Amino acid sequence: MFINKGEFKFESIKLPKEVQFSPTMAILPYDFDKDGDLDVLMGGNLFGVKPEMGRYDSTYGVYIENLGNNKFKFHEDGKGFFIKGEIREIINNESELYVFGSFIVTIAIPPDKFLTFIFIKNSI
């Protein structure tokens, strides 16, 4: 991943290997855990391939948490983000979707399915 530093300068960030298990078609950077840095939600997979190649379906979506200073941690359980199938778009609709500090993400799955996830910040 590349972080835009401005003036055509980019910083290369190595992501966890699990991010590369299947093609990524949709990415949503957002501060899900409300700690001031951007976390990343990714989805993909690819089913429409020739039979001899096999489907690319090795992920159920990926949530990587930014621990600070652009150091990312893969969560095996996805922190609740788990979708079987192809993901083509992750929609960030912030308008009036905050509920008690929660953030709602809607995932569009072709041709006509939508799933909604609520990310809730722990208040301990």
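Start by selecting E7: this residue takes a positive phi near 50 degrees, in the hairpin of strand 1 and strand 2, which has two residues between the strands. Keep in mind as you click around that this is a predicted model.

Click F2 and look across to strand 2, where S12 stands opposite.

Four strands make it up, in the order 3-4-5-6, with antiparallel pairing. At its edges you'll find strand 3 and strand 6 (72-74), each pairing on one side only. From one strand to the next, the twist averages 25 degrees.

Zoom in on strand 3 and strand 4 (residues 39-44): six bridges join this antiparallel pair. Pick P29 here, and you'll see V40 of strand 4 opposite.

Move along to strand 5 (residues 62-66) and select E65. Is E65 buried or exposed? With a relative accessible area of 15%, E65 counts as buried, because the cut-off for buried is under 20%. Leaving aside neighbours within four places in sequence, its contacts include D33, D39, K71 and H75.

Finish inside. Select A26, L28, Y30, F32, L41, Y63, F81, I83, I87, I90 and F117: these 11 residues form the largest nonpolar core. Strand 3 (residues 24-30) gives this core its largest share, three residues. Apart from it lies another core, of eight residues; V40, V62, I64 and F72 are among them.

Terms used:
Residues numbered from 1 in each chain as written. Predicted model: local features only at pLDDT ≥ 70, side-chain atom pairs only at ≥ 80, totals over all residues. Heavy atoms only, no water. Buried < 20%, exposed > 50% of the residue type's maximum accessible area, 1.4 Å probe, protein only. Contact = heavy atoms within 4.5 Å. Pairing = 2+ DSSP bridges. Core = buried A, V, L, I, M, F, W, Y, C linked by side-chain atoms within 4.5 Å. Axes fitted to C-alpha atoms, helices over the stretch in contact; angles between N-to-C directions.
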